[in-house]
Amino acid sequence: MRALSFREAATLVARREFGQRIRERSFFISLLITLGIIAVVVLLPRFTDFGTGSYDVALVGEPAGLQDAVSRQAEISDVEVSFRSVSDASEAEQAVRDGDIDAYVDGDNVVVDQSLDSSLRAVLDNAYSQVEGARALESAGIDPAEVSAALTSATLETVTLDPDADEREARGVIAFFGTIVLFGQLITYSMWVAMGVVEEKSSRVVEVILATIPARALLAGKIIGIGLLGLVQLALIGGLGLGLASALGAVDLSGPMITPVLTALGWFVLGFAAYASLSAAAAARISRQEDLQNVTTPVNTLMMVSYFGAFYVFLNQDAPAAAVLSVVPPFSALIMPLRMARGDAAAWEIGLALGLMVGLIAILVVLAARVYEGAVLRMGAKVSLKDAWAARRRAGA
């Protein structure tokens, strides 16, 4: 029988891993859960008042001009105020207690159940001041319309130095949610690689496989196969998530809005190559699933640090540390997509981040392959890195 080349063996293993994993129920369950979370994030603002600036109020006695003034102030403040008709203060008070309205105005008082939202307070205060001011001017024999015209005859025109600010902010939000999904994908699929290594080793299947396939080809095929599956799932999540958001009018499905998703896919490939190599090398040192959590803790901790670093960069986009973290691997896998989406990263920073990440991956793959080859056939207790390295050196001698 002809010995398989490295490329043929790695391709064979990758096909087996991809075909086997894509048929597992866990793949579809994780896909549905992630899509469900994205749907909730997109739909929640649509069906609740959270963050929408929507209020229901009542005006007792309907004082002249107050409703029109409130409506104008609400439009200026970019909030939505709906009015409910009430017959008297008692009905308005009961509506507040029942939660049917947020507040009601009675004379010079605004009545609420517990507290008055600052946005609604500003709208009602400005409207009330406007109406009372006009009434005072009339009492003094001054035409309020002439005063209003004089005060509003000249206005400042807003000139925006960054006309793309809103679009960049929207891309940044998409990239932020993409980073959350990306973190979940990286930690899940890196763990799949580690679990696959331990399963084969504990069942002694690896001894049969390594009789015909080199250990490095087995490692490479496993990482490529599971990584392709993760890439497919991430693409499905990104595509369906954007489609849902576009259908609901949350985002305008255009090239600039699709770019953050494509960026996340590219950085997933780089991040997964690094973390999966470390996970596979760590898992090769043990023969029991019970020990898997312990040996992969350093890898998972590194991903968690990168994840919290992404939160920091999202909240402190102009901080010097943001630029540093986005360039230094492996943190760049989760952080650079944020800065790229917003357009904050210079071309040389992106190039440097890519170069450093690819360089780190090259080093990790070589080191992981050496540890993997030295430890994968050693059964029993956990193998130390020193022993695995020495075993690989003796095998190559």
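Colleague: In which helix of the chain is confidence lowest, and in which is it highest?

Modeller: This is a predicted model, and its confidence is lowest in helix 15 (residues 385-396), at a mean pLDDT of 53. Confidence is highest in helix 12 (residues 320-327), at 89.

Colleague: What does the chain average, and what share of the residues score at least 70?

Modeller: The average pLDDT of the chain is 79, and 81% of the residues score at least 70. Where pLDDT is low, the predicted coordinates should not be read in detail.

Colleague: Let us turn to helix 1. How many residues has helix 1, and how far does it reach?

Modeller: Helix 1 (residues 6-22) has 17 residues. From its first C-alpha to its last, helix 1 reaches 24 Å, close to the 24 Å expected at 1.5 Å a residue.

Colleague: Which residues of helix 1 are buried?

Modeller: The buried residues of helix 1 are Ala9, Ala10, Val13, Ala14, Glu17, Gly19 and Arg21.

Colleague: Glu17 and Arg21 are both charged names on that list. What do their side chains form?

Modeller: The side chains of Glu17 and Arg21 form a salt bridge, at 3.4 Å from N to O. The two residues are 4 residues apart in helix 1, so about one helical turn separates them. In an α-helix there are 3.6 residues a turn, so residues three or four places apart point the same way.

Colleague: With which lysine does Glu17 form a salt bridge?

Modeller: Glu17 forms a salt bridge with Lys222, and the closest N and O atoms are 2.7 Å apart. Because Glu17 lies in helix 1 and Lys222 in helix 9 (residues 215-247), this pair ties together parts that are 205 residues apart in sequence.

Colleague: Are Glu17 and Lys222 buried or exposed?

Modeller: Glu17 is buried, with a relative accessible area of 2%. Lys222 also counts as buried, at 1% relative accessibility.

Colleague: Which residues are linked with them in a network of salt bridges?

Modeller: The network of salt bridges links Arg16, Glu17, Arg21, Glu24 and Lys222.

Colleague: How many salt bridges does the count come to?

Modeller: The count comes to 8 salt bridges. One of the pairs is Asp100 with Arg84, where the closest N and O atoms are 3.6 Å apart. Asp100 lies in the loop between helix 4 (89-98) and strand 3 (103-106), and Arg84 in the loop between strand 2 (80-83) and helix 4, so the pair ties together parts that are 16 residues apart in sequence. Asp100 is partly exposed, with a relative accessible area of 41%, and Arg84 is partly exposed at 35%.

Colleague: A new topic: which residues does UniProt list for "transmembrane region"?

Modeller: The unreviewed UniProt entry lists residues 26-47, 173-198, 219-244, 264-283, 295-315, 321-338 and 350-372.

Colleague: What do residues 219-244 look like in the model?

Modeller: Residues 219-244 are 100% helix and 0% strand, with the end C-alpha atoms 37 Å apart. Residues 321-338 are 78% helix and 0% strand, and their end C-alpha atoms lie 14 Å apart.

Colleague: Which residues make a nonpolar surface patch?

Modeller: Ile29, Ile33 and Ile37 make a nonpolar surface patch of about 280 Å². Ile33 is found in helix 2 (residues 25-47).

Colleague: Lastly, where does Met191 lie?

Modeller: Met191 lies in helix 7 (residues 165-202) and counts as buried, at 19% relative accessibility. The C-alpha atoms of Met191 and Ala280 are separated by 8.6 Å, although the two are 89 residues apart along the chain.

Terms used. Residues are numbered from 1 along each chain as its sequence is written. This is a predicted model: local features need pLDDT of at least 70, side-chain atom pairs count only at pLDDT 80 or more; totals for chains, interfaces and linings use all residues. Side-chain values use heavy atoms; hydrogens and water are left out. Patches are made of residues with over 30% relative accessible area and no salt bridge: like charges are joined within 9 Å, nonpolar side chains (Val, Leu, Ile, Met, Phe, Trp, Tyr) within 5 Å. Accessible areas come from the Shrake-Rupley method with a 1.4 Å probe; for residues, only the protein chains shown count as cover. A salt bridge is a side-chain nitrogen of Lys or Arg within 4 Å of a carboxyl oxygen of Asp or Glu. pLDDT is the predictor's confidence in each residue, from 0 to 100. UniProt positions are given in the numbering used here, feature names are shortened, and annotations may be inferred rather than shown by experiment. The expected span of a helix is 1.5 Å times one less than its number of residues. Buried means under 20% relative accessible area, exposed over 50%, partly exposed in between (1.4 Å probe, protein chains only).
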